[in-house]
Amino acid sequence: VSTPVVVLDAGVIDQVLTNPEFRQLLRELVTEGWDPIVPTVVLAEAVTGRPSDANVNQTVKRLGTVDTPPAIARHAGQLRFDVLRSRPKRAPRGIDAIVAAHAADAASGVVFTSDPTDLRKLLAAHPRISVERP
Amino acid sequence: MPTQKVSVTLEAAAIEQARRHSGPRGLSAYLDAALHEKLARDERRQALLDHLDELDARDPVSPTARERAARRAATIRAGAA
């Protein structure tokens, strides 16, 4: 049985510092053994190289990031293609697909994101993974 | 990396399954990789909890927000079951 994951997408990492209720929600899940992960690829959207990155950097420095092995990257491609086959108005981004694939690899858990629409489409076939705003 | 021979008791069915998946590198390498993954998960979890403790000490969560978070966590857990 895989450990459920708590996947943090780019737009929510800074909220670990700024949102006490979100912190409490993370604590509730992680204390029960859920595995918190920041896929390394989300740094491409979370970081600007400016001083305003300080909040993101602080959490990433403590938690670290999880690299994407080829099997998960390939699964991301499949998840993205499944959505594209339904001819959506907007194609899901590759980074969202990788975030979704990290969650799908664990089979159960939650993805926290500031923009749930595409991630919900990508994870439509994975009912044990919820996609939530912080 | 130095290795050490240990004697442990594991579930027989899981060991058989691990043997089938372990491939040419063998059962020891397979279990070693699984142990490293588990250690990494535990370290990540503890690192986040320590970080949350430090942040909460400076900016504590209100009782109302704590209750809301507990309710949301229960819903999320139910969805993952």
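## Exercises on a two-chain predicted model

A:Ala107 has a relative accessible area of 35%, so it is partly exposed; buried means under 20%, exposed over 50%, and partly exposed in between, with a 1.4 Å probe and protein chains only. This is a predicted model, where local features need pLDDT of at least 70, side-chain atom pairs count only at pLDDT 80 or more, and totals for chains, interfaces and linings use all residues. Residues are numbered from 1 along each chain as its sequence is written, chains are lettered from A and ligands numbered from 1 in the order in which they are written, and side-chain values use heavy atoms, with hydrogens and water left out.

### Exercise 1: backbone angles

Find where A:Ala107 lies and look up its phi.

**Solution.** Step 1: go to the loop between α6 and β3 (109-112) of chain A, where A:Ala107 lies. Helices (H or I, at least four residues) and strands (E, at least two) are DSSP runs, numbered from the N terminus. Step 2: read phi, which is near 75° for A:Ala107, a positive value in a residue other than glycine. A:Arg87 sits in the loop between α5 and α6 of chain A and, at 76% relative accessibility, counts as exposed.

### Exercise 2: salt bridges

Which residue pairs with B:Arg44 in a salt bridge, and are the two partners buried or exposed?

**Solution.** Step 1: recall the general idea. Side chains of opposite charge can pair when their charged atoms come close. The criterion here is a side-chain nitrogen of Lys or Arg within 4 Å of a carboxyl oxygen of Asp or Glu. Step 2: apply it to B:Arg44, whose partner is A:Asp35, with the closest N and O atoms 2.7 Å apart.

Step 1: B:Arg19 and B:Glu16 meet in a salt bridge at 3.5 Å, N to O. They are three residues apart in helix α1 of chain B, so about one helical turn separates them. Salt bridges with shared partners also join A:Arg23, A:Arg27, B:Asp53, B:Asp56 and B:Asp59 into one network. Over all chains, a search of the whole structure finds 17 salt bridges.

### Exercise 3: the largest pocket

Work out how much space lies in the largest pocket and what lines it.

**Solution.** Step 1: know the method. On a 1 Å grid over the protein atoms alone, a pocket is an open set of points where a 1.4 Å probe fits, with protein on both sides within 12 Å along at least five of seven lines; lining residues have an atom within 4 Å of a point. Grid points are joined across faces, edges and corners, and the volume is the space filled by probe spheres set on the points. Step 2: read the volume, about 1,800 Å³. Of the 44 lining residues, the closest to the pocket's centre are B:Tyr30, B:Leu31, B:Ala33, B:Ala34 and B:Leu35. Step 3: find the main contributor; α2(B) gives the most to the lining, with 17 residues.

Methods:
Ala, Val, Leu, Ile, Met, Phe, Trp, Tyr, Cys and Pro count as nonpolar, Asp, Glu, Lys and Arg as charged, and the others, Gly among them, as polar.
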